[in-house]
Amino acid sequence: MRAVESRHAAHAPAAVPRMTALTALIKRDLRIALRVGGGALIGVLFFLTVVVLMPFAVGPDLALLTRLGPAILWLGALLASLLTLDRVFAADHEDGSLDLIVMGRTPLELACAAKALAHWIAAGLPLIIATPVLGLLLNLDAASTSAVALTLLAGTPALTFTGMIGAALAVTLHRGGLLLAVLVLPLSIPVLIFGVAASQAAISGPLWFGAPFSILCALSLVSFVVGPFAAAASLRQGLD
Amino acid sequence: MTLIDLANPTRFMTLSARVLPWLAAATAILLAIGLYQSAVAPDDYQQGATVKIMFIHVPNAWLSMMVWGVMSLAALGTLVWRHPLADVAAKAAAPIGAAFTFLALVTGSLWGRPMWGTYWEWDARLTSVLILFLMYLGLIALWRAVEDPSRAARAAAILTLVGAINLPIIKFSVDWWNTLHQPASVLRMGGPTLDRAFLIPLLMMALAFSFLFLTLHLAAMRNEILRRRVRTLQMRQARASSSEVGSSSEVDSGSREGSASRPEFGSA
């Protein structure tokens, strides 16, 4: 089933415009991620588990959990998105469709961006949808929870798009797991800083929410540019 | 002699062998002068003798960033010009840069103990240097994770360039984060109006440490080239002995001799 789909995506006929090839790629990745064996929703389960673990570490003090809430949610989302990252290219590398994408007619940068977008929709968006439920566990009120969800919505694309560089490096080196985490985590520090800062600013002040939030959006926009180019460069350099 | 002439490792080896003793001597002299000047520099009226840690600390911190710049240039050399020595330069620079960064952290925390009353403060500068150190370690881990040097070189080059884009962003965000969380608890040293009595030894030490980096880097590059030659010879030997077992013929000693001066050493 998967091989058939990947053949469809990479061998888009020449007459079909480029956008269609990219939409086909996104659709294919989404379908693979959501079906049996895709494992996109494991990230949400991991997110839930990490957040549930926190009270065991810091104690069931609701006031403290409220104060730490945005930080806990951000850390959980960061780790959960890191966990699923190495599947962005690894699965395609195993069944050979990555080679077809690299050799295909569509520019590799755009194909990488499409794959990252599909990965974010499949693995990042569920985290944001799960945030309100987890906010209840951490005793966050509705305004705080929506603030955290909004910053996650603005910030998690940056995590996916910079993490994609690490995923591309890992797949060309046939190494994954810990090496990927070690390479990607330092790069995600700015996103973490501004994501938590924007949530805190919205909840308790004293800063204006707009300043850290717009920097967070800027980080995402920068990662849209840098991520696909660096990932495509590393795929092109590494897969020969 | 342009940069492209150095693409031949043999030529690089002869040239560097000629330059290296002079560089080492210059480093020793500069370090002696710089250390003497810092030793006789007056104590600060506030910080006392601990101000002398600065003469070691500041050059290390400067070099920790400069080495990443050198590696970024080498990464461009690897990816754009495919210069055969660029990945040797990048690989040799990484541990030296990590060592400078580590020394900057250690001297910084030794200075912080009497000044701030604690070895570690989540000060913006210390924190961003710590992150730089983590990135150096990640880069070294990447170099060590892959056996094939040319494959590792290209991956490390991309990571180095991504890091070069990200380091200013990280520095900026850590500054922002720090001012948000602990306003004005940081004791700033000197500032722009540094007295000449401190400035001259500091600049001398910075020059000496830059020469130290050049010397160490050149020596490490020579070691790396020799290491790759040894690796190539060992692989040839293994191949020769396995083909001896297989067909018991066809091992010309000439090719083994020639490999030592071949331009594209280990990447074959």
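Set aside the neighbours within four places in sequence, and B:Ala93 is in contact with B:Val67, B:Val70, B:Met71, B:Ala74 and B:His217 in this predicted model. B:Ala93 also has a part in the largest nonpolar core, which has 139 residues: together with B:Ala90, B:Ala93 touches the most other members. Which helix gives the most to this core? That is α8 of chain A, residues 142-173, with 16 residues.

Now let us step back to chain B as a whole. Its secondary structure comes to seven helices and zero strands, and along the sequence the pattern reads α-α-α-α-α-α-α. Chain B has 268 residues, and 34% of them are buried. Among the contacts in chain B with a separation of 6 or more, 80% are between residues 24 or more positions apart.

Next comes the meeting of the two chains. On the side of chain B, 21 residues are in contact with 21 residues of chain A. Two or more residues on this side of chain B come from each of α4 (124-145) and α5 (149-181) of chain B. Which element gives the largest share? It is α5(B), with 13 residues. The table sorts the side of chain B that touches chain A by class.

| Class on the side of chain B that touches chain A | Number |
|---|---|
| Nonpolar | 16 residues |
| Polar | three residues |
| Charged | two residues |

To bring the picture together, α5(B) provides the largest share of the side of chain B that touches chain A, and that side has 16 nonpolar residues.

Note on methods:
Residues are numbered from 1 along each chain as its sequence is written. Chains are lettered from A and ligands numbered from 1 in the order in which they are written. This is a predicted model: local features need pLDDT of at least 70, side-chain atom pairs count only at pLDDT 80 or more; totals for chains, interfaces and linings use all residues. Helices (H or I, at least four residues) and strands (E, at least two) are DSSP runs, numbered from the N terminus. A residue is buried if 20 or more other C-beta atoms lie within 10 Å of its own, exposed if 12 or fewer, and partly exposed in between; C-beta atoms are placed from the backbone. Two residues are in contact if their C-beta atoms, placed from the backbone, lie within 7 Å. Ala, Val, Leu, Ile, Met, Phe, Trp, Tyr, Cys and Pro count as nonpolar, Asp, Glu, Lys and Arg as charged, and the others, Gly among them, as polar. A nonpolar core is a set of buried Ala, Val, Leu, Ile, Met, Phe, Trp, Tyr and Cys residues joined through C-beta atoms within 7 Å.
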